[in-house]
Amino acid sequence: MAKHSAGKHSADTARGGRDLSTGAVPMGSTSVSSRSAAATRRAKQNRGRAHGAHTQAVQAHLGQSDTRRKRRPRWPLAILVLVLLAGLGFGGWRLYKHFFTPQEEPVVVDPGQEVTIKIDEGSGASTIADQLYEAGVISDRSEFTKQIVKQGADSQLKPGTYLFVTGSDIQNVIDLLISGPNSGEGNLTVAEGLTLKQTAAIVEQRLGISADDFLAQAKASNYVEDYPFLMDAAGTDYDSLEGYLFPKTYDFSSGTPTADSVIRAMLDQYALETQGLDFSSAESQIADTYGITVSDYDIIKMASFIEREAVSDEQRGKVSSVFYNRLAGKLGQGAYLQSDAIMGYETGGAVTADDLKKDSPYNTYLHEGMPPTPICAPSIASIKAALEPEQTDYLYFWITESEAVFSKTYEEHQAAINNAS
C-alpha cells in the first residue's frame, strides 16, 4: 500500500508547487485547469497585438513613423552582387582560356641531339623562344621568356650561330645566349703578322667572299672619311689598308658578311685597340732620342717590322731599338734598315741574295728610310714597342726560335751567327 502524506501535499500546494497527482495549478485560493490557463494567456496576447496594430494605425494617420523598426542599408547587398559577378567573370575567362585557347603541344625530340640554330640580329626573346622550341632545345616557351624577363637578359642575348643540345636546361640555354655564338660557323681569325693578301685568302675560305673582291675593296681611300687615322695611307700611291686590319677573331655568323662589313669590323677593332695610345708624345720622344721624325703611319710600319722579326714579347723592345738606331744612321752608312723581312713582303717568302739586288722600294739594303707601306698586321704588343723602344746601342740581332742575340758591332753579330746552336 502506497504511503501518502496529506500534510506534505497541502504544504507543497500552498507554496505554489505542482501537484503531480491532480494536474491542477493553484491560482489564488481557487484552482483552474491548465487548458483554461492557456486559453487565458492567448487572449491576452491577442489583445496586445490588436492594441499594437491599433497604435500603428493611429500613428500612420497622424503622419508618425514606426520608430521601433529601422530600414537596413542596401550597400552590403550591392557589394555582394559585384563580388559574385567578378567571380563569375574570372571563372568564365579561365574556362574560355582552357577550352578555346590552343594548348602548346610538346615537340617530340630525342634529348641529347646537337642542333644548329642561327639567331638573327635584332631577334627578341619571343622569337628566339620559338626557334628553340621548334628545334626541341627547350620544351616550354613561356617559361623561357619568363626567365628572360625575370633576369633582365633580353638585351644581352647575342645573335649568331649556336650549337645547342636538345632537351637542355633553360638556364644553360640563357647563359649560352648571353656568352655568345659557339658553333664556330662564321668566325674569322686573323693572326698577327699576316699580310693583306693572306687575310683576303682566309676571308674567302671562311666567309666565301672573293679574295679579289676583298683586295679591291681594301683601299684606304674608301674609308678615310670614317677613319681619319688612314689619312697618310690614303695619301700614297699604294692606297693600302696594310697594317690596319687588326688581328683578332671576329664573329660574322649573325648575318651575311660582305667585304665592306668585314673591313669595317677590323678597322673598328684597330681604333678600339689603339685609342689609349699616345702617338704624339711617343713621336716627340723618338725625335729627341734618335733625331728623326716619324708619323703615325711610320709607327705602324715599324710595328709591322717588329712583328715579323721578333719571336717573343721580350725581344720586341730591343728589335725596335735596333731599327731606330739604324734609321738614325748609327750604322755609319746612311739610314738603311737592312731587313730581309721587309724585302720578303715583296717576294712573298724567303729572300735570296739575288732578291737583295733588285731595285724595289721594299729593298731596304738599297733604299734608305721606311718602305712605302707596313708589311703585315702588327699586334698591339708590337705597336707599343714601336712607340716605346728600349734604349740600347744595339745595331744587329740574330733571332731564331731557340735563341736571340743582340750585338753592337758587325763582328759581334757574325760571331753570334757562327756560334749559333
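**Overview**

A: Buried residues make up 34% of the 421 residues in the protein chain; buried means under 20% relative accessible area, with a 1.4 Å probe and protein chains only. This is a predicted model, where local features need pLDDT of at least 70, side-chain atom pairs count only at pLDDT 80 or more, and totals for chains, interfaces and linings use all residues. Residues are numbered from 1 along each chain as its sequence is written, and side-chain values use heavy atoms, with hydrogens and water left out.

Q: How many helices and strands are there?
A: The protein chain has 16 helices and 8 strands. They are DSSP runs numbered from the N terminus: helices are H or I with at least four residues, strands are E with at least two.

Q: And what share of contacts comes from residues 24 or more positions apart?
A: Among contacts with a separation of 6 or more, 59%. Contact means heavy atoms within 4.5 Å.

Q: Pockets next. How much space lies in the largest pocket?
A: About 600 Å³. A pocket is an open set of points on a 1 Å grid over the protein atoms alone, with protein on both sides within 12 Å along at least five of seven lines; lining residues have an atom within 4 Å of a point. Grid points are joined across faces, edges and corners, and a volume is the space filled by probe spheres set on the points.

Q: What is the lining of the largest pocket made of?
A: It divides into 12 nonpolar, 5 polar and 5 charged residues. Ala, Val, Leu, Ile, Met, Phe, Trp, Tyr, Cys and Pro count as nonpolar, Asp, Glu, Lys and Arg as charged, and the others, Gly among them, as polar.

Q: What about the second largest pocket?
A: About 490 Å³ of space lies there. Its lining has 23 residues, with T195, K197, E242, Y345 and E346 nearest the centre. The largest share of that lining, 5 residues, comes from α14.

Q: Which residues line the largest cavity?
A: L194, T195, L196, T199, L241, E242, G243, Y244, L245 and A377. Its volume is about 30 Å³. A cavity is a set of points where a 1.4 Å probe fits but cannot get out.

Q: Switching to packing. Which residues touch the most other members of the largest nonpolar core?
A: F214, L241, V262, L267 and Y324, in a core of 59 residues. Such a core is a set of buried Ala, Val, Leu, Ile, Met, Phe, Trp, Tyr and Cys residues joined through side-chain atoms within 4.5 Å. Its largest share, 7 residues, comes from α12. Apart from it lies another core, of 21 residues, I128 and L132 among them.

Q: What is Y324 in contact with?
A: Leaving aside neighbours within four places in sequence, Y324 contacts I286, Y290, I292, V294, I299, M302, A386 and P389.

Q: Which residues of α4 are buried?
A: In α4 (residues 125-134), A125, I128, A129, L132 and Y133. Down the helix axis they fall within an arc of 135°, so they line one face of α4. That arc is taken from the directions from the helix axis to the C-beta atoms.

Q: What covers them?
A: The cover of the buried α4 residues includes β3 (114-119), α5 (141-151), β4 (160-165) and α6 (170-179). Just after α4, G136 takes a positive phi of about 85°.

Key:
Buried means under 20% relative accessible area, exposed over 50%, partly exposed in between (1.4 Å probe, protein chains only).
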